[in-house]
Amino acid sequence: MCEGSRFVTGLRDFVKEYFLSFWDYETPKVMVVKNRTLGVIYRSVQFLVITYFIWYVFISQKAYQESETRPESSVYTLMKGTAVHGDDILDTVEYARPSEGGDVISTILRREVTYDQSQGTCAEHFNVANANCTKDSDCVQGEVDFDGHGRRTGRCVQYYNHTFKTCEIQSWCPIEEYAVVREPALEEAINFTVFIRNSIHFPKFKVLRGNIKDASNKRDMQKYLNKCQYHEEKEPYCPNFRLGYIAHKARENFTELCRTGGVIGVFINWQCNLDIDPSNCKPTYAFRRLDLRKDQANSGYYYRFAKYYRKDGVESRTLIKAYGIRLDVIVHGHAGKFSPIPTIISTVTAMTSVGICTIICDWIMLTFIDKNEVYSDRKFDEVIKEPPVPISTELSYINSFGSNHSDLSEGVPL
């Protein structure tokens, strides 16, 4: 019973003390500490904080500006160039997919062609699982292997002109792996050019920009576009890019790209400071390989398509496996303009952050410096009732005007 009473009394005193201390008022106390080491730390931290906000926040990140990072963008691409391939002349209709398009365009660099395929029955390729056989019972009629080329007929037949046998399938025959013809790479494609027209709009600031240089009339513009080639310094407004230049900037070997194909990203970056004339808002370009080269089985870029025709009244086709370069045009934009609201917010944040210097130095003073107990006694005062007569001490005083300033320059050995 006595234990319970003491517990209740203690709990009541704790709650009362907490409640009364909640209404106490705390005010900073100015205390001058004549310590060179602490002063150097204090000013150094102040310098770092102020430098960070001036150089990085205000100058580099332009925190005084209102920004827009989701612009409206339009991309139009067109492949240009003519190549001689054997006895044939190839133009954009032959090697560009699509011949003109949006933010994705590709060009064929190498082809593997299977001629004169028609619907019928033929031997399955020997690399397909369970395709090799010795008798008909080894082949299940109607079975379809998704890694194969067609539906099995249930017969075991000779694999074309070879001595071994595989299961017969119903498919487009002859199969690609057996009858494919590998054509040489289109090395002349290194000089093909891709025309990339990009328009970007920042609706918040009502600014519209394009990556093509303005001209006085359409005739001059057309002459300029027919002759120019993009150069980062000399021709930053020319939208014509050589495939060889793109591969070089992406650090890729063009001959290797002809063999395996690849996907390259064309990154157009708009960084616009609208505090100056919008005509200074120019795009910058970057190029990078996007497909995974470490995974050799899935690296590169290729696709298949067929050309259909009728031969002796039978529908036939020519199957083409095309390796090439696919260009993905990706646009990023950022525009900023002075605004008082972010300026005020950033300024207040900077001024508030300077207070961290005092916190760090107080912690060092009260933890590591000699005589920290003396500092602690002078740092924290509890005033319950102002004394009727000023009480002088050796280190500090509170006069009749209520000064709360302490000077520890004397009396405390450092």
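User: Hi! Which residues does glutamine 117 touch, not counting residues up to four places away in sequence?

Analyst: Glutamine 117 touches Trp172, Cys173, Pro174, Ile175, Glu176, Glu315, Ser316, Arg317 and Leu319. Contact here means heavy atoms within 4.5 Å. This is a predicted model, where local features need pLDDT of at least 70, side-chain atom pairs count only at pLDDT 80 or more, and totals for chains, interfaces and linings use all residues. Residues are numbered from 1 along each chain as its sequence is written, and side-chain values use heavy atoms, with hydrogens and water left out.

User: Thanks! Where does glutamine 117 lie, and is it buried or exposed?

Analyst: Glutamine 117 lies in strand S8, residues 104-123. Helices (H or I, at least four residues) and strands (E, at least two) are DSSP runs, numbered from the N terminus. Glutamine 117 counts as buried because its relative accessibility is 2%. The cut-offs are under 20% relative accessible area for buried, over 50% for exposed and partly exposed in between, using a 1.4 Å probe and protein chains only.

User: What does the side chain of glutamine 117 reach at 2.8 Å?

Analyst: The backbone oxygen of proline 174. The side chain of glutamine 117 also has a polar contact of 2.8 Å with the side chain of arginine 317. A polar contact is a pair of N or O atoms within 3.5 Å; within protein, one must be able to donate a hydrogen and the other to accept it, and residues adjacent in sequence count only if both atoms are side-chain atoms.

User: Where is the place of proline 174, and is the peptide bond from cysteine 173 cis or trans?

Analyst: Proline 174 is in the loop between strand S11 (165-173) and helix H4 (176-179). The bond from cysteine 173 to proline 174 is cis, with omega near -5°. Most residues other than glycine have a negative phi, and most peptide bonds are trans.

User: Which residues have a positive phi, then?

Analyst: Among them are asparagine 130, with phi near 60°, and tyrosine 160, with phi near 50°. Asparagine 130 sits in the loop between S8 and strand S9 (132-133), and it counts as exposed because its relative accessibility is 64%. Tyrosine 160 is in the loop between strand S10 (151-158) and S11.

User: Switching to helices: how many residues does H2 have, and what do its buried residues pack against?

Analyst: Helix H2 (residues 36-60) has 25 residues. From first C-alpha to last it reaches 34 Å, close to the 36 Å expected at 1.5 Å a residue; that expected span is 1.5 Å times one less than the number of residues. The buried residues of H2 include Val45, Val49 and Phe53, and the buried residues of this helix pack against helix H8 (340-353) and helix H9 (356-367).

User: What about phenylalanine 338: which residues is it in contact with, leaving aside neighbours within four places in sequence?

Analyst: Phenylalanine 338 is in contact with Tyr64, Gln65, Asp275 and Thr343. It belongs to strand S19 (residues 314-338) and counts as partly exposed because its relative accessibility is 49%. The C-alpha atoms of phenylalanine 338 and glutamate 66 are separated by 6.0 Å, although these residues are 272 apart along the chain.

User: Last one! How many helices and strands does the protein chain have?

Analyst: The protein chain has 10 helices and 20 strands. Of its 414 residues, 36% are buried.
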